[in-house]
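The following briefing covers sheets, a helix crossing and salt bridges. Please read it alongside the sequence and the model.

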Amino acid sequence: MDDKKGPGVTFEALRMEAERIVKERETESVGDNELQLVRLTHELEVHQVELELQNEELQRANKELEASRKEFVDLHQFAPVAFVTVNEKSLIEQANDAAARMFAGSKHFLAGRLFSLLIYPPDQDVYFSCLEKIALNEGKGSCELRLNAEASGRLVHVKLQAAAKHDWQGLIHWRLALVDITEPKRLEDELRRSRDELELRVKERTAELERSNRELQDFAFIASHDLQEPLRKIRTFGSLIEGKSGHLLPEQSRDFLVRMQKAAERMQTLLGSLLDYSWVATKSEQFKETDLNRSLKAALSNLEVLIEEKGVQVDVEELPSLKADRNQMIQLFQNLIANAAKFNGNDRSPFIKIYARPVEGSKGVEAYRVFVEDNGIGFKEKHLDKLFAPFQRLHGRTEYEGVGMGLAICRKIVERHGGEITAKSELGRGATFIVTLPVNRNKG
């Protein structure tokens, strides 16, 4: 018989071996059996010590596990987020304190209830659709829905996060975390209502301003147009008086007549400029693909007499094409060139350079900057805002003719095209007017 026992021998096997030796001892000599019994007894004692150590370790591990379980239960119960466990039949198995508070009841109130019945009926499809997706994907998912708080009779907006778990029998259990978002939703709804109300007010105010602007433009057009006729009569009758009876009038009376004629002429020029200004909006055309080279050529043709009279040299580079009102582009160039020709320095030959540069954007060329440079008298840049205002002048009428509407019309044209106009200059060193025009402007 083999008396060597391996390390894998159990306490029960040793006990059985000892009993066998004791029985054999009754019929055989003591000798070897006693030695083997002593050895077995020693091994039993060793195993007993090991079992006691293992028992102590198991007890310690059990205490730690119980402490962890209690800590988890405490965290689960006192967490600010509502946790609910639902079985396959949608019956609530567990619910923490936050879930009870959410429904203004108790955990006993929730236990065994159908969770789906706590969902606001219009949102039940959202809930089941969410669980279906999770079940198919074997993962986690979330959705937003409303719950009926039966005790308080109010709706609770929640963000639901769900996860599917299977028990040892293969049955599915749904673990639901419910975050109350009622207050953020209320604030969101208030913000949306405020935004909608503000947008409505802005639309109403914009419509009112557009209506007022149209009325003002119509008034300016009608007033300036209707005033043209009496002015023409004043000038006509003044010319008749001067032609037929001028030589009979005293010198002072003739001077008064000349002043009256000049005032009527100036008034007629002012009204014509006012008409041009109002026509930018009232007599405009739809935007079409426009070659700025052709528009510039037409403007130069209209100013041919002025350019020859002033001896202006015009240098033109190739200009781009873009969507614009062709007639207004002609007027824009005409006003800018006439302005440059008028304010030239007497000590130098007038020179005007016209060119364009692209403005790159994320999708390529988005706009063009058109430059009109001159070597005239220039201006102080602190007067830049005044420069484009209607009827504003930087110089007296005796120095330079005009009524101060040319650049104001330019700005109105450019703004209608969705662009910008500005200028840079130094007194006595010429000026550069910069017009930025978008490539595409669908409507005016």
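**Sheets, helix packing and salt bridges**

Strand E4 (residues 154-166) and strand E5 (residues 172-180) run antiparallel and are joined by nine bridges. This is a predicted model, in which local features need pLDDT of at least 70 and side-chain atom pairs count only at pLDDT 80 or more, while totals for chains, interfaces and linings use all residues. Residues are numbered from 1 along each chain as its sequence is written, and side-chain values use heavy atoms, with hydrogens and water left out. Helices (H or I, at least four residues) and strands (E, at least two) are DSSP runs numbered from the N terminus; two strands pair if DSSP finds at least two bridges between them.

**Antiparallel sheet**

- The order E2-E1-E5-E4-E3 describes an open sheet of five strands with antiparallel pairing.
- Strand E2 (92-95) and strand E3 (140-149) are at the edges with a single partner strand each, so one side of each lacks a neighbour in the sheet.
- From one strand to the next, the twist averages 30° (angles run from 0 to 180 degrees between N-to-C directions, and axes are lines fitted to C-alpha atoms, for helices over the stretch in contact).
- Gln161 has Ala177 of E5 as its bridge partner.
- Helix H5 (residues 124-137) lies across E3, E4 and E5, at about 155° to E3 (contact means heavy atoms within 4.5 Å).

**Mixed sheet**

- Another open sheet has five strands in the order E7-E9-E10-E12-E11, with mixed pairing.
- Its edges are strand E7 (313-316) and strand E11 (420-425); each has a single partner strand, so one side of each is without a neighbour in the sheet.
- E7 pairs with strand E9 (residues 351-361) in the parallel sense over four bridges, and Gln313 has Phe351 in E9 as its bridge partner.

**Helix crossing**

- Helix H10 (residues 326-342) and helix H12 (residues 406-416) have axes that come within 9 Å and cross at roughly 145°.
- Residues in this contact include Leu332 and Leu336 of H10 and Ile409 and Ile413 of H12.

**Salt bridges**

- There are 13 salt bridges (a side-chain nitrogen of Lys or Arg within 4 Å of a carboxyl oxygen of Asp or Glu).
- In one of them, the closest N and O atoms of Arg146 and Asp123 are 2.8 Å apart.
- Arg146 lies in strand E3 and Asp123 in the loop between helix H4 (107-110) and H5, so the pair ties together parts 23 residues apart in sequence.
- Asp123 is buried at 8% relative accessible area, whereas Arg146 is partly exposed at 24% (buried means under 20%, exposed over 50%, partly exposed in between, with a 1.4 Å probe and protein chains only).
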